[in-house]
Amino acid sequence: MSIWSIFRSGVKSPVDGVLLINPATGEPVMPVAIAASAQDNAAVAVGDTATALLEANPSNIGLRLLNIGTDPAAIGQAGITWTKRVIVLDPGSLWIETEAPNLAWFAVCDAGQSASITSQELRK
């Protein structure tokens, strides 16, 4: 069942318990969480072993990660290795996380490479 089918069936939004309808179209509208605060964090040096970027924080509703280094870095969860990479930030690349911003995040580079990752946490 698609998300639109669920909303049309009258299931309430899991975000705030309210089904929002666009009065002009009658279509459901996905609610957007609005941050109450943001925190800019210092850069973290990353090498070829997994390095913690952020601790888990249940107040986070969004997360931005920027590679300000000169080599690519993979970001992910505890135990990440370059071999198991899924999300790779090239130098100058920004990742905006909206599905798992509350989890702890780690980064790693390929052997002999290094990067520097800055982050911004958006909080409820």
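Strand 6 (residues 73-76) and strand 7 are joined by three bridges and pair in the antiparallel sense. Here helices (H or I, at least four residues) and strands (E, at least two) are DSSP runs numbered from the N terminus, and two strands pair if DSSP finds at least two bridges between them. Within this pairing, Ile75 has Ile87 of strand 7 as its bridge partner. The model is a predicted one, in which local features need pLDDT of at least 70 and side-chain atom pairs count only at pLDDT 80 or more, while totals for chains, interfaces and linings use all residues. Residues are numbered from 1 along each chain as its sequence is written, and side-chain values use heavy atoms, with hydrogens and water left out.

The two strands belong to an open sheet of four strands with the order 4-9-6-7 and antiparallel pairing. Strand 4 and strand 7 (87-89) each have a single partner strand, so one side of each is left without a neighbour in the sheet. From one strand to the next, the twist averages 35 degrees; axes are lines fitted to C-alpha atoms, for helices over the stretch in contact, and angles run from 0 to 180 degrees between N-to-C directions.

Is Leu54 buried or exposed? Leu54 is buried, because its relative accessible area is 8%, and buried means under 20%, exposed over 50% and partly exposed in between (1.4 Å probe, protein chains only). Beyond its neighbours within four places in sequence, Leu54 is in contact with Asn41, Leu63, Leu65, Ala104, Trp105, Ser119 and Glu121, where contact means heavy atoms within 4.5 Å. Leu54 and Glu121 are 67 residues apart along the chain, yet their C-alpha atoms are separated by 9.2 Å.

Four strands in the order 3-10-5-8 make up an open sheet with antiparallel pairing. Its edge strands are strand 3 (37-46) and strand 8 (94-97), each of which pairs on one side only. Neighbouring strands of this sheet are turned by 15 degrees against each other on average, direction ignored. Strand 5 (residues 60-67) runs antiparallel to strand 8 and is joined to that strand by four bridges, with Arg64 partnered by Ile96. Seven bridges link strand 5 to strand 10 (residues 115-123), again antiparallel, and Gly62 stands opposite Leu122 in strand 10.

How does the lining divide by residue type? Seven residues are nonpolar, two polar and two charged; Ala, Val, Leu, Ile, Met, Phe, Trp, Tyr, Cys and Pro count as nonpolar, Asp, Glu, Lys and Arg as charged, and the others, Gly among them, as polar.

Over the whole chain there are one helix and 10 strands, and 35% of the 124 residues count as buried. Among contacts between residues at least 6 apart in sequence, 73% join residues at least 24 apart.
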